[in-house]
There are 4 protein chains.
Amino acid sequence: MDGVTTGCPIGFVVENTNQHSGDYDNMRSVFRPSHADYTYTEKYGVRDHRGGGRSSARETISRVVGGAFARQALRKFGISITAYTSAVGTLSLPGLYTDYDLAVAETNAVRCPDPKMAEEMERLILDVKGSGDTVGGVVSCVIKGCPAGLGEPVFDKLHARLAYAMMGINAAKGFDYGMGFAGSERRGSEMADIFSPDADGNVTTLTNNSGGIQGGISNGEDIYFRVAFKPVATLLRELPTIDSDHRPTVLKAKGRHDPCVVPRAVPIVEAMAAMVVLDAMLLNRCARI
Amino acid sequence: MDGVTTGCPIGFVVENTNQHSGDYDNMRSVFRPSHADYTYTEKYGVRDHRGGGRSSARETISRVVGGAFARQALRKFGISITAYTSAVGTLSLPGLYTDYDLAVAETNAVRCPDPKMAEEMERLILDVKGSGDTVGGVVSCVIKGCPAGLGEPVFDKLHARLAYAMMGINAAKGFDYGMGFAGSERRGSEMADIFSPDADGNVTTLTNNSGGIQGGISNGEDIYFRVAFKPVATLLRELPTIDSDHRPTVLKAKGRHDPCVVPRAVPIVEAMAAMVVLDAMLLNRCARI
Amino acid sequence: MDGVTTGCPIGFVVENTNQHSGDYDNMRSVFRPSHADYTYTEKYGVRDHRGGGRSSARETISRVVGGAFARQALRKFGISITAYTSAVGTLSLPGLYTDYDLAVAETNAVRCPDPKMAEEMERLILDVKGSGDTVGGVVSCVIKGCPAGLGEPVFDKLHARLAYAMMGINAAKGFDYGMGFAGSERRGSEMADIFSPDADGNVTTLTNNSGGIQGGISNGEDIYFRVAFKPVATLLRELPTIDSDHRPTVLKAKGRHDPCVVPRAVPIVEAMAAMVVLDAMLLNRCARI
Amino acid sequence: MDGVTTGCPIGFVVENTNQHSGDYDNMRSVFRPSHADYTYTEKYGVRDHRGGGRSSARETISRVVGGAFARQALRKFGISITAYTSAVGTLSLPGLYTDYDLAVAETNAVRCPDPKMAEEMERLILDVKGSGDTVGGVVSCVIKGCPAGLGEPVFDKLHARLAYAMMGINAAKGFDYGMGFAGSERRGSEMADIFSPDADGNVTTLTNNSGGIQGGISNGEDIYFRVAFKPVATLLRELPTIDSDHRPTVLKAKGRHDPCVVPRAVPIVEAMAAMVVLDAMLLNRCARI
């Protein structure tokens, strides 16, 4: 009302003005391999084949809207969140987020901050698409400006909430933060983030192998993490499969299925991260009485 | 009562009969680098330095007890959960869980199912310990016998609950399931798990790249995942750090700090997985009215 | 899809085609006494004066829709829920729900199962309306066919969930179940519901002073309860009050404010009860492993 | 640690040094009428007859401890909570909390603030006890010093949380707040709490029929409410009942069963109210970003 929220839940409807439900007609009673078709049917006894129902990433539009509100709020606290495509198939950026100008990511279709790598990724995706195939990849994300103290010490560790949020995005298969899986190969002496207090009593660390979270609670450094996405299950080529009576058949999907969801996942990762951080900010107001 | 639970919460006390609180005296006002010492203090204004308070993995004893009850219940449903050490530092098992006799894991101190690799891992950990250092690693886990239909389709995807649970274990830095990060490099056509119904109408898949979960819901195949652990932050060697007044100092920890937590994390991973799966089993009873 | 739910959340929009937002113009910066106008402003700093925002009972339309779905599900289990107006002002039905033909309630405007009392209530409400005033009352409700075992033993006692649900209805001021406040005046020997097992081993009770719940858990008898509603705060007569700058003023509301909400609360009470009971039914599926 | 909480959950064990489990031996396979014996058995298939398990009000000791911590915190905010016995059987205090010196309540065994009425109540309870019977009653409570803005506008209305908390106390049968059930008999014009701003801009009301909550949110006035308790079901006289095989039998309870729980419920009501209000205080810190 008058440009401000009133404390009410914020409702909205996003109309899909470009739906092609007919593209799904041949999936009505056929299960796509490695897709939710079979598991939804096992769970509920029915399944909405038109567009995939909730198993479609269309569902994430509401998350992106929610994230947009969260990011407005975070901006007041000086917190910003930026995600980008760091790998498509075996094409993988070698560096950390600190090695790139992340603003470049939004200037190309694959949302990669390295222009040369972006070109290669685009070419790979077109190749893959040409063969009716799909390819996976990785989204990386950094949260800057987070104060120390966010996150809870046991089950609701800040990174546990982030992992939960990210693994709730369609096609996500993995999550790590800070040095993550690579860090598990290293020694404690290599990984120790030595404190570096300045004259004003602000505490920073010389390195940030921890990824901005220690013991589940933010320490004021940048929080960075990765999310792995599998290749999309819906292929525009023939695949042997079964129908809903479990009889063998062959399916060739029609329609506009993405050859690679990774660039589209970038704003979803940002949105989910924003909601997690804002929740933690508000919850932390109650850490002391 | 009379050997059966009554529906009441189950209470228990585990007395630590071997505590050495004095070992922590020199940490009272000094923050260990990459440890929760600093972040707890920032969050709460105080910190229990004796044993690390809740940031100590001692806290996980209650999880292991809870998991033991959950595993008893899961056994009734024919579900079993087995975790093992799959990497210590750069020593990493090359195969999947299907390549090893997992029963071997409990026969050696590092809980690795490959006896030769187990020896190497033990040697590495002793080396690391000798130098007052620590090393990270990876725990892998497989859940067998899970029926199709477990997990919720949007935020409470079964793998999101698993990721949340695993990332709530001390020192966990990463999670992936099925082909995970490695699978993000591959094509959809390589990853498709083709259905293979048998004569009785049971549906299995020829491969299991999905890791037993599709669209967030179990499909009846084995569920397998990995958890990455960082090297322990508490080193038995001198490290430059700061005290609670943010003045530079040097800390050398005393006491029985582990050079590698990975083997000890194995039963914690199993316990957390058991509780997630049992929750999903019970919740799924309400999937249809 | 095809007439059945798919497991998705059920979305709907109810368009208010008969809104008179202009009726609220003179309340924009004036607080109605005993209304949420002041408290919402204190909490949020802003308030939607047009129709009262969420403090309006319009908000309950979504509850009635939700209740309609719950009641369909409950019907499968043989559970039915019937509420009715048992008091308007000092006009109060003397008997319990067993003393009336509850089907009569839906045949008159005040939803009272006693036709003669219904007439008196209607007359009273018209009188009150004529004087620009409002009047409160009581809704009574009975849940029939509930199996034994619903409800949790400590905080989520079945009657605690019912009380919580009922007190979340606009203008509700009180809740009691079984013999309720009246029963608090009596002796244990008068209130004991003596068991009466039949030849088939079914257990019923000779009386039902408990109101179908013992120790927070349903016992298979009828569950009955009352909800007290205050008179509506918005009066169609002049009242001294203050504006948003806390200066004295006089307000006379315009528009279609109800002189008595009680008859309109009847379906809301039924809907909320239906959702509570269905939740308890589903939760109880997990009482034993 | 050092006299302050550390942010950890606070654990404690209260040892019952005066248990007489043997008193319950004759209830092992017999159901007390109007007690949880039957419903627990129906729900769980087993029941702990020794002391009644969780259906015993012994369970509330943990609530009283929790409330003691909450009250310490509330004291910092200037909020105090006082409950007292306002009725035993048909002996009922005629006035509101404002008519009595509530400090008197703790000076007599029945916790009634009117010394003369306290004597009558004590005599009544002794009479009832002498006849092996029990009697119910009412606890009233007032919360003073609550700021405006506590409570959520729809389902978590402050009074809905209070009702839920109170109805979770053993033997509670009813709850109302402000003028409650009595107010449902009155006109809106009688009930309107007219605002009375002072020169400093503080807003109070001339009357407080609302009971300190409007639209589910506190308005800064005293919050007052009543909780009705049934007479205890366990009688020290013979009652016809059934055993666990549903065969008729006769039960005469032994042991120290209370003839009237109302005075003992007073600190439980205070404790539960304290936890509800502290939760609302903390939650309200997030009402605005």
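Figure 1. The side chains of B:R226 and B:D176 meet in a salt bridge with an N to O distance of 2.9 Å, where a salt bridge is a side-chain nitrogen of Lys or Arg within 4 Å of a carboxyl oxygen of Asp or Glu. This pair links distant parts of the chain, 50 residues apart, with B:R226 in strand β10 (residues 223–229) and B:D176 in strand β5 (residues 172–177) of chain B; strands (E, at least two residues) and helices (H or I, at least four) are DSSP runs, numbered from the N terminus. B:R226 counts as partly exposed at 30% relative accessibility, whereas B:D176, at 2%, counts as buried; buried means under 20% relative accessible area, exposed over 50% and partly exposed in between, with a 1.4 Å probe and protein chains only. The model is predicted, so that local features need pLDDT of at least 70 and side-chain atom pairs count only at pLDDT 80 or more, while totals for chains, interfaces and linings use all residues. Residues are numbered from 1 along each chain as its sequence is written, chains are lettered from A and ligands numbered from 1 in the order in which they are written, and side-chain values use heavy atoms, with hydrogens and water left out.

**Figure 2. The open sheet of chain B with the order β1-β11-β12.** This sheet has 3 strands with antiparallel pairing, two strands being paired if DSSP finds at least two bridges between them. Its edge strands, each pairing on one side only, are β1 (30–31) and β12 (248–251) of chain B. Strand β1 pairs with strand β11 (residues 239–243) of chain B over 2 bridges in the antiparallel sense, and B:F31 has B:I242 in β11 as its bridge partner. A salt bridge joins the side chains of B:R247 and B:D243 at 3.1 Å, N to O; B:R247 is partly exposed, with a relative accessible area of 48%, and B:D243 is buried, with 12%.

**Figure 3. A salt bridge between chains D and B.** Over all chains the structure holds 68 salt bridges. One of them brings together the side chains of D:D2 and B:R28 at 2.7 Å, N to O. The pair crosses between chains, from the segment before β1 (30–31) of chain D, which holds D:D2, to the segment before β1 of chain B, which holds B:R28. D:D2 counts as exposed at 61% relative accessibility, and B:R28 as partly exposed at 45%.

**Figure 4. The interface of chain A and chain C.** Here 16 residues of chain A are in contact (heavy atoms within 4.5 Å) with 16 residues of chain C. The size of an interface is often given as the accessible area lost when the parts come together. Between chain A and chain C the buried area is about 1300 Å², of which carbon and sulfur atoms give 64%; this is the accessible area (1.4 Å probe) that two parts lose on being put together, summed over both. The rule finds 2 salt bridges across the interface, and the side chains of C:R28 and A:D2 meet in a salt bridge at 2.7 Å, N to O.

**Figure 5. The surroundings of D:G216.** D:G216 lies in the loop between β8 (213–214) and β9 (217–218) of chain D and counts as buried at 0% relative accessibility. Leaving aside residues up to four places away in sequence, D:G216 touches D:L150, D:G151, D:E152, D:K157, D:L158 and D:H159. D:L126, 90 residues from D:G216 in sequence, is 41 Å away in space, C-alpha to C-alpha.
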